[in-house]
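Below are my notes on the model you sent, as numbered points. Please read them alongside the coordinates.

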Amino acid sequence: MKITQVDAIPFAIPYRKPLRFASGEVHAAEHVLVRVHTDDGVVGVAEAPPRPFTYGETQAGIVAVIDSLFAPQVTGLSLLEREVAHARMARTVGNPTAKSAVDMAMWDALGRSLDVSVTELLGGYTDRMRVSHMLGFDEPAAMVAEAEKMRDTCGITTFKVKVGRRPVSLDTAVVRALREGLGDAVELYVDGNRGWTAAESARAMKEMADLDLLFAEELCPADDVLGRRWLVQQLDVPFIADESAVTPADVTREILGGSATAVSIKTARTGFTRSQRTHHLAEGLGLEVVMGNQIDGQIGTLGTVAFGAAHALTSHRAGELSNFLDMSDDLLTEPLTISDGELAVRPGAGLGAEIDPDKLRHYRQDR
Ligand code: MUC
Ligand code: MG
């Protein structure tokens, strides 16, 4: 189970339609496939999605930091020495999705070596999760039509609505149209990606007070320390810290400071090893957890559902597992499917991600 090689392969797959939100937009999945090879001939895989608008990483930067720093640091280690791998990678600040992809590929390789799934290795609580679908910026009618399509074709009944535009009525009108169009049976929550000020957020939440929202996420920047605390104290729904709470220390600071009351766990940025720490912290603090989406492809989504399904707390709420539906293709031999509003963990060893060699040849950008 010794690591002999780590590959970082850039690839690009266009989106059918761009996803737009307050901090940015995505037109193509320009991600990095990470492969960890062992001396037994096992290959673990994971996917790193560069999100410059959230973490400052780029596709070229992820390839470079893995090739030049992380690959040499983990080569020669056993798959069971993940703490050593993390201690070494931690010498480099930042680069959360690059570190996480190395971590998840190590877990995938470990699962394959032991012939057990990653979900079983992590906790084995269940084998599926309810799915929450993310609705990017558009006209109200188009966003309602997309939600109806997701409900009718995939059985999805939980929707995260991107907000954070100005004037706030642009977004509150969408949420109202969704509630009126889809009725009381669906769950709705909003994510501002720091687009509003605290005062705008408070006004918007008042306007939506009758719309039975489940959560509000990252409506204004955490750096507006007093404003955000003021906002969170007056809400009657949990306020999720997403991009403001990547590390357990960030979560502690946001929660104890009164600037958030729930947390989003994204395996794309904390892998499995560090997501475990956030999960345990959330359990200890009594926080709601939502398994978030870093606009993942199918390999990344397998990572999210593998972790989410592994524990009671992380599988309680619908997980954000459907962004890959907006991509025109993917790298897996067998595409993921969402039915009856659920996504199942792939049966079999590791994450169950089998890469189609023809697709990889077609979409990779390094040759
Ligand atoms: C989300 O939950 O915010 C958009 C930006 C980002 O960092 O993640 C996505 C989804
Ligand atoms: Mg978010």
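1. A contact here means heavy atoms within 4.5 Å. Among contacts in the protein chain with a separation of 6 or more, 74% join residues 24 or more positions apart.

2. Conventions. This is a predicted model, in which local features need pLDDT of at least 70 and side-chain atom pairs count only at pLDDT 80 or more, while totals for chains, interfaces and linings use all residues. Residues are numbered from 1 along each chain as its sequence is written, chains are lettered from A and ligands numbered from 1 in the order in which they are written, and side-chain values use heavy atoms, with hydrogens and water left out.

3. Overall form. The protein chain has 15 helices and 12 strands; these are DSSP runs numbered from the N terminus, helices being H or I with at least four residues and strands E with at least two. A compact globule of 367 residues would have a radius of gyration near 21 Å, and the 20 Å of the protein chain agrees. That radius is taken over C-alpha atoms, and the globule rule is 2.2 Å times the number of residues to the power 0.38. Along the principal axes, the C-alpha atoms fill a box of roughly 60 × 40 × 35 Å.

4. Burial. Of the 367 residues in the protein chain, 60% are buried (under 20% relative accessible area; exposed is over 50% and partly exposed in between, with a 1.4 Å probe and protein chains only).

5. Metal site. The magnesium ion (ligand 2) is coordinated by Asp191 (OD), Glu217 (OE) and Asp242 (OD) at 2.0 to 2.2 Å. Donors are N, O and S atoms within 2.8 Å of the metal (3.2 Å for Na, K and Ca), and water is not among the atoms, so sites may look incomplete. The donor spacing in sequence is D-x25-E-x24-D. Asp191 is in strand β6 (residues 187-191) and Glu217 in strand β7 (residues 213-217), 26 residues apart. Both Asp191 and Glu217 are buried.

6. Aromatic pairs. A search of the whole structure finds four; rings of Phe, Tyr and Trp (its six-membered ring) pair if their centres lie within 6.5 Å, with planes under 30 degrees apart counted as stacked, over 60 as edge-to-face and the rest as tilted. Phe21 and Phe53 are edge-to-face, because their ring centres are 5.3 Å apart and their planes at 65 degrees. Phe21 lies in strand β1 (residues 3-21) and Phe53 in helix α1 (residues 52-55), so this pair ties together parts 32 residues apart in sequence. Phe21 is buried at 6% relative accessibility, whereas Phe53 is partly exposed at 23%. Tyr189 and Phe215 are also edge-to-face, at 5.5 Å centre to centre and 90 degrees between the planes. Tyr189 belongs to strand β6 and Phe215 to strand β7.

7. Charges over rings. Arg82 lies over the face of Trp107, 4.0 Å from the ring centre, and Trp107 forms one aromatic cluster with Phe272 and Phe307. The charged end of Arg165 sits over the ring of Phe137, 4.4 Å from its centre. The criterion is NZ of Lys or CZ of Arg within 6 Å of the ring centre and within 35 degrees of the ring normal.

8. Backbone points to check. Most residues other than glycine have a negative phi, and most peptide bonds are trans. The Arg166 to Pro167 peptide bond is cis, with omega near -5 degrees. Asn95 has a positive phi of about 55 degrees and lies in the loop between α3 (82-89) and α4 (96-114).
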